[in-house]
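Please walk me through this structure. I am new to it and would like to start with the whole chain, then look at single residues.

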Amino acid sequence: MQGGESERAVALLQEAVTAFTAAVGVADAERQAHADACLLLADLLEGLDRMPEAMQALQEAADSYAGVPEGAQRAGECARRIVAGVRALWRRPSERLYLLVARHERDLRQLEARPGTEGERAERLFALGRVFQRRERWAEAAIRYREALGLFGRAGDALGRARCHRRLAYLYAYDMNNAVRARRHHRAARVLYRSLGLDEEGRPTRNADAR
């Protein structure tokens with residue numbers, strides 16, 4: 001399978017696994033199908049050297065195999081592959097971060113399959129932004145904060161939007177040397193915080209206390 005075809009297959013399998021996760025009940029056949037799909041996804045991801053995502057798929061496969069009759073052996077095989085994969089990743093320090101990122105992204109795909117989860121997805125993305133920011137991956141942090149900003153808006157969460165604008169303001173000002181964008185986000189954060197009776201640090205103002 002060529003690279004482009006493999007990537008398309010991964011995307012389709014991720015959608016299938018997410019659908020299984022949302023719909024799976026207690027029937028053994030459903031758990032078995034879910035486990036098999038996760039294992040196939042893991043195999044494809046390993047072939048593409050997307051190891052952190054492969055480890056997450058293997059973990060999900062192991063969990064599902066453990067819940068079906070005679071699935072213990074397959075679950076054990078998945079667990080051994082996870083141990084070997086994680087050890088390999090520890091020899092590749094630049095990719096360790098993506099073990100955590102892959103877990104968040106898997107959870108995000110599962111949340112997307114459920115209506116009314118914009119707020120939860122926004123919090124996940126905001127957390128991912130902070131992870132990338134702490135690791136000095138400024139562009140990736142900015143992408144997650146902007147995605148969270150949009151979802152907080154759809155969820156009607158003004159405080160969440162203010163937090164995103166504030167994070168982006170500091171990111172652009174101190175890490176990405178973009179004063180124009182920094183000022184824009186700083187102003188937006190200030191307006192939102194004031195509308196909520198909070199100061200620029202997100203703390204109640206004296207006027208709000210008086211009310």
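Predicted model: local features only at pLDDT ≥ 70, side-chain atom pairs only at ≥ 80, totals over all residues.

Start with the secondary structure. The chain has 10 helices and zero strands. Read from the N terminus, the order of elements is α-α-α-α-α-α-α-α-α-α. Now take its dimensions. The C-alpha trace spans about 65 × 35 × 30 Å along its principal axes.

How much of the chain is buried? Of its 211 residues, 38% count as buried. The accessible surface amounts to about 11,900 Å². Carbon and sulfur atoms hold 50% of that area. Contacts tell another part of the story. Take those in the chain with a separation of 6 or more: 54% of them join residues 24 or more positions apart.

Next comes charge. The chain carries 36 positive and 30 negative side chains. The centres of these two sets lie 8 Å apart. On the surface, a patch of positive charge brings together R146, R181, R183, R184 and R187. Which helix gives the largest share of this patch? Helix α9, residues 179–195, supplies four residues. R184 is one of the patch residues, and R184 sits in helix α9.

Now move to the interior. A35 belongs to helix α2, which covers residues 28–47. The relative accessible area of A35 is 0%, so A35 is buried. What does A35 touch? Setting aside neighbours within four places in sequence, A35 is in contact with A61, S64 and Y65. A35 and V68 are 33 residues apart in sequence. In space, their C-alpha atoms are 9.5 Å apart.

H104 is part of helix α5, residues 97–112. Which residues does H104 touch? They are R124, A127 and L128, leaving out residues up to four places away in sequence.

Finally, turn to the loops and the backbone. Most residues other than glycine have a negative phi. Two positions here have a positive value. D49 has a phi near 60 degrees, and D49 is not glycine. D49 lies in the loop between α2 and α3, with α3 covering 51–65. At 44% relative accessible area, D49 is partly exposed.

E70 also has a positive phi, near 60 degrees, in a residue other than glycine. Where is E70? E70 is in the loop between α3 and α4, and α4 covers 72–90. Is E70 buried or exposed? E70 reaches 81% relative accessibility, so E70 counts as exposed. The cut-off for exposed is over 50%.

Look back over the model with these points in hand. The chain is built from 10 helices. Helix α9 gives four residues to the positive patch. D49 and E70 mark two loops to inspect.

Terms used
Residues numbered from 1 in each chain as written. Heavy atoms only, no water. Patch = residues over 30% accessible without salt bridge, like charges linked within 9 Å, V, L, I, M, F, W, Y side chains within 5 Å. Areas by Shrake-Rupley, 256 points an atom, 1.4 Å probe, with all protein chains shown as cover. Salt bridge = Lys/Arg side-chain N within 4 Å of Asp/Glu carboxyl O. Lys, Arg positive; Asp, Glu negative; His and termini not counted. Charge placed at Lys NZ, Arg CZ, Asp CG, Glu CD. Buried < 20%, exposed > 50% of the residue type's maximum accessible area, 1.4 Å probe, protein only. Contact = heavy atoms within 4.5 Å.
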